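Have the structure open while you read.

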Amino acid sequence: MPRAKSAVVIGNPNSGKSTLFNHLTGLNQKTANYPGVTVERRSGTVFFNNKKMDLIDLPGCYSIYPFSEDERISIDVIKGNLASLTSPDKIIYVLDATQIYQGLTFLQQLSELNIPVVVALTMNDIATKKGIKINPSLLSNKLKLPVIPINAKTGSGLNHLIETIFSIETPAEPIFSIDKGSNHAEEFSQRFAYNQNLLKELAPFEKSETVQRSYAIIKRLVDKPLSSTIIFLSAMFIVFQAVFAWATPLMDLIDNGATALSALVSSNLEDGALNSFVSDGIIAGVGSVIIFLPQILILFLFIILMEDTGYLSRAAFLSDRLMRSLGLSGQSIIPLLSSFACAVPSIMATRVIPNNRDRIVTILTAPFMTCSARLPIYALLIGAFVPQINYGFLNLQGLVLFGLYLLGIFGGSLTAVLLRKSLLKGPKPNFIQTIPEFRVPDLTSVLYKLYDRAIVFLKRAGTVILLASVFVWFLSYFPRSEIIQENLDIQLSETTDSALREIFLNNAAADQLQQSWLGRTGRTLEPFFAPLGWDWRVTSAVIAGFPAREVVVAVMGTIYAVGEEAENETLANRLTNAVDQEGNQIFTLPMVIGMLIFYAWCLQCVATIAIIRRETNSWKWPVISWVYMTTIGYLGAFTAFQVGSML
Amino acid sequence: MKTLKDLNADETGIITGISEINDDVLRLMSMGLVVGVEIKCEGLSLGGDPKFFSLYGSQITARNNTLHFFKVS
């Protein structure tokens, strides 16, 4: 069977490639990784008259001389240098009408590769607002290439583009040749000199109409430092609120749904291992994966909207000075701010950072930001052990919570600086990018991108999270003690009092957990965590919280025999009165401060580890991250407990 | 000799020379910053660095430590 023809969609960054690709392929697309690198490969299929063509969406470039890993991949694909891929049969070059001076250089270089090229001229509506009018026929005559104006939103030009890409077979004659022996700098000088003359002939700027007034006003607001900073801070506030607050009702819905489903299954299956495996292992595990989706979708909705409107580049531009003090660039600001809600979507968002070193530093810094999952344990411990003292309008408990946020920021900042001086040492990142024009985002494309992000998360990270959840369930359930069960059955048979029955059930659950693999692991590791003031119960709860930090509170509820759904107040009372075998109080103030520091700094989240693995395409960085963060978390807790106990 | 680093907001210049060719400079050249092109400083970030420029309708940002290699009149 003859191989289907293939084409690539390529152009300068922010020229509308992905929007066009989405419209050409619809849902007939998939995302994978190029072998051995973190660059995503988006491929799909386009159909015309019972024929099909494979399409690949390539990262944007400015020339055939790559400056980043993304660009290297694009050029390798086009030149057929990747072992797994043959050179494409055709090229769809996306030429942004508002950036035509830049776009012509790369187009010239591609048309000299002896591959048929079709030009999709995008952003014509925005060009018109800017006062730029391009005559596609004249441009086509000058370039000796088919030039098809496209409006992805309305669909105008798409059919013509598809028809042309299927029918074109012959590469065009090059329109320009550079002097032999020219180096890259000389080549660029010659090509852009040619472009300037070409633009004089096309005269798109001379045929300009008056720039739209509303467009000019928006530009003035967004391009001036003070007004743009206010807009930026407002935008960041909205993003933060959205990911933090708007996602909560949806997450509660998923949580309640999982709990209800678990209860339904549990009531319909016979008591035993299968019942617990399905309700507490599988359903709870799947729930712990899906619960991330609202935050991921909301954050990515904002990022995609900011990207597609052209605002993201401006936000990065404004933040660059601040980020530079950490050895990063402005593109890191949004992933880092989003980490305050959840590190999982924010780490996924680091793909907007073009420099790979920057990207990895941001990925390893993000988990330090105090995420929402830490709040239940903070609320429990601060509420139980930090006194309610007011200093004017300031409250000690609030100050402690704020202090924990600052501790996270401090830990992350120090980590970024240290990484740039050691493991990720390298030339300082530059901050060279184009600022695209403002445009109204294409809703269809936004939805495609959101869908893509959700599928990537569920497939890649979801499986790891689910496996970890099931594993922890296994540790906490087995082995079962028949003696404990028999005693429980006797106790339950002797009373109908619901409160007393609940106490018997909670005590039995605590006893089962104590002698389970989890409990035994907790007791085995107890000497290692004793210098932090932890006993086996705290150790077991922390281990159980590894799939998701929030689980720690529920597991503590079980271990201290108040049930998983107990109110914080009840559990807090139990913790306050908890003693070790010698009768010494476990939860002292130094121990609690140490535990708070541990949670501020350690990486107690398998979802984060899974997503780091996914985004770096390697286990190296998640392992380094976990070891490093757990070590400093341990040392912080150790210092707090030991010093605090001496005072 | 003035360079792109010295251009303030709303100032225009023509690139007259490039004092050093390195990766960052080549990057900017691949985006159209070559000798002879007219370029306008559209705005500055807080603290004056980085800056963004427009040329032939395109808008490009870069830091001062790269801009100072581009001489302007």
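This is a predicted model: local features need pLDDT of at least 70, side-chain atom pairs count only at pLDDT 80 or more; totals for chains, interfaces and linings use all residues.

Now for the wider contact between the chains. How many residues of chain B are in contact with chain A? There are 33 of them, and they touch 31 residues of chain A. Four elements of chain B each bring at least two residues to the side that touches chain A: α1 (23-30), β2 (38-44), β3 (51-55) and β4 (58-62). The largest share, 7 residues, is α1(B)'s. Sorted by class, that side of chain B has 16 nonpolar, 11 polar and 6 charged residues.

Over in chain A, there's a helix pair worth a look. Helix α16 (residues 375-385) packs against helix α25 (residues 589-601) at about 160°, with the axes 11 Å apart. An angle over 145 degrees counts as roughly antiparallel, so that is how α16(A) and α25(A) run relative to each other. The crossing of α16(A) past α25(A) is left-handed. Here is who makes the contact:

| Helix | Contact residues |
|---|---|
| α16(A) | I377(A), Y378(A), L381(A), F385(A) |
| α25(A) | L589(A), V592(A), M595(A), L596(A), Y599(A) |

By class, the residues of this helix contact come out as 9 nonpolar, no polar and no charged.

Key: Residues are numbered from 1 along each chain as its sequence is written. Chains are lettered from A and ligands numbered from 1 in the order in which they are written. Axes are lines fitted to C-alpha atoms, for helices over the stretch in contact, and angles run from 0 to 180 degrees between N-to-C directions. Angles under 35 degrees count as roughly parallel, over 145 as roughly antiparallel, 65 to 115 as roughly perpendicular and the rest as oblique. A crossing is left-handed if the near helix is turned anticlockwise from the far one by less than a right angle, and right-handed if clockwise. Two residues are in contact if their C-beta atoms, placed from the backbone, lie within 7 Å. Ala, Val, Leu, Ile, Met, Phe, Trp, Tyr, Cys and Pro count as nonpolar, Asp, Glu, Lys and Arg as charged, and the others, Gly among them, as polar.
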